[in-house]
Amino acid sequence: MLQIVTPTSLSSLSNPIANTMEHLSLLDNHIPGNTTLITAVELERFVNLRSLALDFCDFTAEMARVLADSNHVPLHRLSLLVHSVSIMHKSLDNMPKDENWQALTRNSTNLRVYIMAFDVKSDDMLRILKPSIPLERIHFDSYVTCVSGAVVDLISRQYDKFLTHFILMNDVIDMSAFPDLSDNRNEDPLVLLAWRCTRLSLLAVHGYTVWAHNLIAIARLRGSDLKVLEVTEESIEFDQGELADQDVDPVHNFIEQVSLGLGRPWHAVMDIELLSVFTEPTRHFYREMQSFSEGI
């Protein structure tokens with residue numbers, strides 16, 4: 001209930017209702033201020049919760065401890081929205097530590113986490129991404145702050161057994177200068193992600209430079225298991241060597257190689273509005289959160 005829920009909404013629910021509720025989604029729309037829509041004490045009444053969606057700054061170490069208690073049924077899905085505005089007005093100081101995540105996953109062995117990060121600085125993401133988070137889906141969206149190669153590298157190392165969805169969106173105005181994650185690196189972080197994360201089934205990129213030969217490598221590494229590979233045409237760059245070969249049309253050859261790697265016809269996304277993730281970020285979070293929690 002957007003813009004309707006207040007900090008007193010949950011406390012007005014009777015115990016029988018709180019005790020039987022299985023899905024709870026509470027986002028504050030990032031209205032400036034440090035009010036929180038739910039406290040750890042309030043969460044104690046929701047003993048049958050299987051799916052929870054919160055602003056990341058509201059998900060504290062104390063909440064993780066409450067959900068890890070044996071009085072609660074195992075939590076299956078946790079969707080967290082990390083927003084730069086929320087971090088500015090609230091804080092990351094109370095977020096769960098790695099031992100809190102470990103305790104939570106001991107009680108909830110099937111727990112999977114979906115994170116959407118909007119304009120979050122890389123330093124903050126490196127603090128947020130604890131090793132014991134069972135991270136299955138992550139979506140970066142930005143207008144100002146780009147993701148660093150170090151963050152992508154950390155994700156591919158820590159969540160190789162869980163990660164299925166990786167979305168990288170950068171809604172820049174200047175189309176001539178997309179950030180290049182592979183700058184000054186021996187290996188491209190997205191290629192390493194495809195190599196390490198063997199369960200990866202969806203990869204979508206817009207507004208970051210993706211080199212044609214790296215995209216071919218990603219397609220070959222994951223093959224037909226990569227069910228969705230969406231990269232906008234303007235994000236793809238070719239080496240000068242590839243363009244200099246007079247005998248081969250580099251674009252045609254590139255599309256052919258990616259298609260062969262995936263085992264199906266493939267084309268770059270010609271219009272950003274055709275991207276499956278092209279919606280207003282909060283709306284996309286709601287849609288993804290619902291599909292993520294479906295059937296739980």
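**Notebook: sheet, helices and one loop arginine**

I began in strand 3, where Leu80 is the bridge partner of Leu54. That pair belongs to strand 2 and strand 3, which run parallel to each other and pair over 5 bridges. I am working on a predicted model.

**Entry: strand 3**

Next I looked up the burial of strand 3. I then sorted its side chains by direction. Arg77, Ser79, Leu81 and His83 point one way. Leu78, Leu80 and Val82 point the other way. I noted that the residues of both sets are buried.

I moved on to the other partner, strand 4. Strand 4 covers residues 112–118 and pairs with strand 3 in the parallel sense over 7 bridges. I picked out Ser79 here: its bridge partner in strand 4 is Tyr114.

**Entry: strand 1**

I went back to strand 2, residues 51–55, and looked at strand 1. The two pair in the parallel sense, with 4 bridges. I found His23 bridged to Ser51 of strand 2.

Which residues of strand 1 form the covered face? I find Leu24 and Leu26 on the covered face of this strand, residues 23–26. His23 and Ser25 make up the uncovered face.

8 strands make an open sheet, ordered 1-2-3-4-5-6-7-9, with parallel pairing. Which strands stand at the edges? They are strand 1 and strand 9 (228–231). Each has a single partner strand, so one side of each lacks a neighbour in the sheet.

**Entry: helix 3 against helix 5**

I turned to a helix pair. The axes of helix 3 (residues 61–68) and helix 5 (residues 98–107) come within 8 Å and cross at roughly 20 degrees. Angles under 35 degrees count as roughly parallel, and helix 3 and helix 5 are therefore roughly parallel to each other. I recorded the crossing of helix 3 and helix 5 as left-handed.

I listed the contact residues. Helix 3 contributes Ala61, Ala64, Arg65, Leu67 and Ala68. Helix 5 contributes Asn100, Ala103, Leu104 and Asn107. By class, I have 6 nonpolar, 2 polar and 1 charged residues in this contact.

I checked helix 7, residues 149–158, for burial. Gly149, Val151, Val152, Asp153, Ile155 and Ser156 are buried. What do these buried residues pack against? I find helix 6 (122–128), strand 5 (135–142), strand 6 (165–170) and helix 8 (189–196).

I then looked up Arg185. Arg185 sits in the loop between strand 6 and helix 8. Its relative accessibility is 35%, so Arg185 counts as partly exposed. Setting aside neighbours within four places in sequence, I find Arg185 in contact with Gly149, Ala150 and Asp153. Gly149 and Arg185 are 36 residues apart along the chain, and their C-alpha atoms are separated by 8.8 Å.

**Entry: overall counts**

Last, I took the totals. I count 12 helices and 10 strands in the protein. Of its 296 residues, 53% are buried. I also looked at contacts between residues at least 6 apart in sequence: 81% of these join residues at least 24 apart.

How values were computed. Residues numbered from 1 in each chain as written. Predicted model: local features only at pLDDT ≥ 70, side-chain atom pairs only at ≥ 80, totals over all residues. Heavy atoms only, no water. Axes fitted to C-alpha atoms, helices over the stretch in contact; angles between N-to-C directions. Parallel < 35°, antiparallel > 145°, perpendicular 65-115°, else oblique. Left-handed = near helix turned anticlockwise from the far one by under 90°. Contact = heavy atoms within 4.5 Å. Nonpolar A, V, L, I, M, F, W, Y, C, P; charged D, E, K, R; others polar. Buried < 20%, exposed > 50% of the residue type's maximum accessible area, 1.4 Å probe, protein only. Pairing = 2+ DSSP bridges.
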